[in-house]
Amino acid sequence: MRMLLHFLSVSLGVLTILVLVQAQDQSGFISLDCGLPEHLSYSEVKTGINYISDAKFIDTDTDTSKSIRHTKEMSYIEQQLEYVRSFPNGVKNCYRINVSNGTKYLIRASFYYGNYDNLNDPPIFDLHFGANLWDTVKCSNNVSFFQFIEIIYTPSHDYIQPCLVNTGQGTPFISAIELRPLNDIAYDTKSPKSVLSLVERWELGSGSNSGSYRYKDDVYDRMWFSSIRSDWRRLNTSVNNDDLQQNHYKLPAIVMSTAVTPVNGSAAIQFSWSADDVNNQYYLYTHFGEVEKLAANETRAFNINVNGGLFYAPVIPLYRKAMTIFSNRPLTGATVYQVSLSKTKNSTLPPILNAIEIYKLKDFSQSETQQDDVDSIINIKNVYGVTRNWQGDPCAPVNYVWEGLNCSVDGNNISRITSLDLSSSGLIGQIASSISKLTMLQYLDLSNNGLNGSLPDFLIQLHSLKVLNVRKNKLTGSVPRELIERSKTGSLSLSVDDNPGLCTTKSCGKKSLFVPLIASFSALIIVILFISLGFRIFRRHKAAVTSTNSKQRGSLISKQQAFSYTSIINITDNFKTIIGEGGFGKVYLGTLQNQTQVAVKRLSLSSMQGYKEFQSEAQLLMIVHHRNLVSLVGYCDEDEVKALIYEYMVNGNLHQHLSVENTNILKWNERLIIAVDAAHDIREQETQIKEMMCTVLA
Ligand SMILES: *[C@@H]1O[C@H](CO)[C@@H](O)[C@H](O)[C@H]1NC(C)=O
Ligand SMILES: *[C@@H]1O[C@H](CO)[C@@H](O)[C@H](O)[C@H]1NC(C)=O
C-alpha cells in the first residue's frame with residue numbers, strides 16, 4: 001500500500017504565522033536532503049525543519065544528480081525534494097544512519113521523480129531496511145506528485161540501514177530521509193518483530209485549503225492530509241496544545257480543532273479501505289475531541305463498528321481534549337474494511353470524527369546478522385579497504401548476501417557468518433584480528449594476497465574452522481602448533497604453502513621450543529662427536545686450544561644474538577675464507593668487531609630441507625653449554641641467509657682430531673671420557689630444562 005499524494009500550494013504568509021505561534025524544537029530529528037551537495041544545509045522555509053546533506057551517511061560511490069527543477073511547480077514543493085540522489089551503480093546501496101538505540105521512531109523516505117533524469121520513465125525499485133524488505137517504490141511521472149513511505153519502528157541497534165535495491169526496472173533514487181523520535185507508549189503493537197507501515201492519515205473538517213499539516217504543527221512531524229466529503233459537515237473550535245498534553249499521541253491542536261459530522265443528523269459517519277491480501281493486519285487509530293460546547297440537555301455518544309462487528313462503544317468525546325481509540329489486536333481477514341460511527345439510542349447529537357490513521361503491520365522478523373559478526377566484518381572491510389559492494393546487512397536478505405560470505409541461521413534465528421573468501425583480493429598488511437571474532441567461521445580463504453606478518457595464534461580461537469587457506473602470501477614466522485595438530489588429525493584443511501618466510505613445522509614456534517629440544521637430547525652424544533665444525537678438546541689440550549679464548553668464552557655466550565645479513569657479510573669479509581664444509585653448508589672464517597675470530601656456518605640455499613636441523617642446532621646450542629661443545633656466538637635468520645656463528649677452534653675440527661694424520665690425535669680413552677663427561681653434564685642440564693618447562697607450564 002502506497003500513497004500518492006497531491007501537493008497543494010500553501011500561502012507562505014499563513015505558515016509564517018503558524019511558525020511563530022507554535023515553535024517546537026527539533027531535538028532527535030534526523031533530516032537528510034538526499035543529493036544535496038555535502039557542504040550544504042538549510043532550514044526549510046515552510047516547515048522550519050533543518051536539513052543536511054545525506055553525503056556523510058552513504059559509503060559508496062554515487063552519482064549525485066540534481067533533480068530537474070520545474071520552476072512552474074517549485075512553489076508546490078518543499079525544498080528537501082528539490083534534489084535527488086540516484087544510484088546507477090551496484091545492485092544494493094545503503095545508508096547507515098546512527099540512531100538512539102531503543103527509541104521508537106517515525107521513519108519516512110520520500111521520492112520525488114519529477115523526471116529528473118529526462119527519461120520520462122519513473123523507476124520501480126525495492127527499499128530494504130537492514131535484513132528486511134521495507135517496500136517496493138513505484139514512482140509516478142506526474143510532476144505534481146511525490147511519494148513517501150513511512151514506518152514506526154524501534155531500532156534494536158544504534159544505527160539503521162535503509163538500502164535501495166535495483167530490481168532491473170530503472171535506477172533507484174531517493175529525495176529525503178526523515179527520522180522523528182516518538183513517545184514510546186504511542187503506537188504500541190506489542191509485536192517486536194513487526195513495524196507499523198502507514199496506509200492512510202487524515203485530518204477531517206479543516207476549513208483551510210492548505211491540505212496538509214506537519215511540523216511545526218505536529219511535534220512528531222506526522223503529515224496530516226485534509227479530507228471532506230459532501231455528506232459531512234465541518235465543525236470547528238479553538239484548541240490549544242496544553243489541553244491535548246495528556247494524550248500520548250501528541251495530536252496537533254490544528255488537527256483536533258476541527259471535526260466532521262454527518263449532514264443527515266441520524267446517519268452514520270462511514271469510511272473504508274481495501275486490502276490486497278486478506279491476511280494483512282491493520283491497526284486503526286481514531287482521534288476524537290468534542291468541538292461543540294454542549295447544552296445541558298445535549299449528549300453526544302456513538303459506537304464504532306468495523307464490518308458490522310463492534311470495535312468500541314460508546315465514544316463520548318471530551319470538550320477540547322483529545323482521545324485516541326484503537327484496538328490492541330490487529331484487524332484482519334477481510335479485503336474491505338468498512339468503518340461506521342453511529343450514535344447511540346440516547347445520544348441527542350450525531351457522531352463526530354477529528355482524525356484517523358490506518359497502519360498495516362509489516363513483518364520485520366527476517367533474521368539479522370549477529371552484531372559481533374557485523375562489527376567484525378565491517379572492521380575487516382575497513383582494515384583492508386575492501387572495495388566490493390559490501391553494504392547493508394552482511395547475510396540478509398538471502399539473495400543479497402555479501403560477495404565472498406556464506407551464512408547460516410542459528411537456533412535463535414540469528415544469521416552467522418560461516419564462510420569468508422577474500423582470496424585474490426589484493427589484501428596487504430597483517431591478518432586482521434577481527435577475523436577471530438567471526439566465531440562461527442568454518443571456511444577462511446585469504447590465499448593469493450600480499451599478507452605479511454605471522455600466522456597469528458588467534459586463529460586457534462576459531463573452533464569451527466574446517467578450512468584455512470593462506471597460501472601465496474608473504475607470511476613469516478611459524479604456523480601455530482595447534483593448527484598443525486588440527487591439520488594432522490584431519491579436523492582442519494590447512495594450506496600454508498607459497499609463503500617463503502613461513503616455518504610450517506611444529507618445532508619452530510617459540511612456545512614449542514622445549515619439546516623438540518628434549519627429544520633431541522637422547523641423540524646428543526652422537527651430535528657431540530659428529531658436530532661438523534669443531535669442539536673443545538680434552539682438558540690436557542685445553543690450554544693449547546683456548547689459550548686466547550678461555551676468558552672470553554663467558555662473554556661470548558652472553559652475547560648470543562641475532563646478526564643481520566649485512567653484518568654476516570662484514571664479519572666474513574663477504575664469505576672470503578672457507579674453512580670447512582659441514583652437513584648443511586660451507587663454514588667461513590670471520591672476525592667480530594672485537595677481533596674475536598669466529599666460524600660462520602651458513603645454511604646453503606640448496607639445502608633448505610636442512611632448515612629444521614639448523615634451527616634445532618641453534619636452539620640447542622643456545623641453551624646447552626659444555627666445555628667440550630663449541631659455543632654459539634650468534635645466528636642469522638633472514639630470508640636470504642641462515643647462519644650459525646661459533647667460536648673459532650684454532651686447533652681444527654673434530655674430524656681433524658679424530659683423524660690418524662693428526663699428530664695431536666685423541667686417544668681412545670680420551671674420546672670416551674669426553675663423551676661420557678658431556679653426556680653427564682647434558683643430562684643435568686636436561687633435568688634443569690625439564691624443571692624450567694614445568695615452571696613455564698605451571
Ligand atoms: C470556525 O471556522 C469559521 C470559518 O472558517 C471561523 O469564522 C470561526 O472563527 C471558527 N471558529 C473557531 C471557534 O475557531
Ligand atoms: C438520514 O439517515 C437516516 C438513517 O440512515 C435515513 O433513514 C434517512 O432517510 C436519511 N434522511 C435523508 C434526508 O437522507
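A residue counts as buried when its relative accessible area is under 20%. By that cut-off, Tyr249 is buried, and Tyr285 is buried too. The model is a predicted one. The rings of these two tyrosines, Tyr249 and Tyr285, form a tilted pair, because their planes stand at 50 degrees with the centres 5.7 Å apart. Tyr249 belongs to the loop between β20 (232-236) and α2 (253-256). Tyr285 is part of strand β23 (residues 281-288). The pair therefore ties together parts that are 36 residues apart in sequence.

Across the whole structure, a search finds 28 aromatic pairs. Another of these joins Tyr113 and Phe173, with ring centres 6.0 Å apart. The planes of Tyr113 and Phe173 meet at 45 degrees, so this pair is tilted. Distant parts of the chain are linked here, 60 residues apart. Tyr113 sits in the loop between β9 (105-111) and β10 (124-129), and Phe173 in strand β15 (residues 173-174). Tyr113 and Phe173 are both buried. They also belong to one aromatic cluster, formed by Phe111, Tyr113, Tyr116, Phe125 and Phe173.

Charged side chains also meet aromatic rings. The charged end of Arg201 is placed over the ring of Trp224, 5.7 Å from the ring's centre. Arg602 lies over the face of Phe575, and its distance from the ring centre is 4.5 Å.

Backbone geometry was examined next. The peptide bond from Tyr215 to Lys216 is cis, and its omega is near 10 degrees. Lys216 is found in the loop between β18 (212-213) and β19 (224-227). A cis bond also runs from Ala396 to Pro397, with omega near -10 degrees.

Ser424 is not a glycine, yet its phi is positive, at about 50 degrees. This serine, Ser424, lies in the loop between β31 (415-421) and β32 (428-429). Asp573, likewise a residue other than glycine, has a positive phi near 50 degrees. Asp573 is located in the loop between α9 (565-571) and β40 (578-582). Its relative accessibility is 46%, so Asp573 counts as partly exposed.

The ligand site comes last.

Technical notes:
Residues numbered from 1 in each chain as written. Chains lettered and ligands numbered in written order. Predicted model: local features only at pLDDT ≥ 70, side-chain atom pairs only at ≥ 80, totals over all residues. Heavy atoms only, no water. Helix = DSSP H or I, 4+ residues; strand = E, 2+ residues; numbered from the N terminus. Buried < 20%, exposed > 50% of the residue type's maximum accessible area, 1.4 Å probe, protein only. Phe/Tyr/Trp six-rings, centres within 6.5 Å; stacked < 30°, edge-to-face > 60°. Lys NZ or Arg CZ within 6 Å of the ring centre and 35° of its normal.
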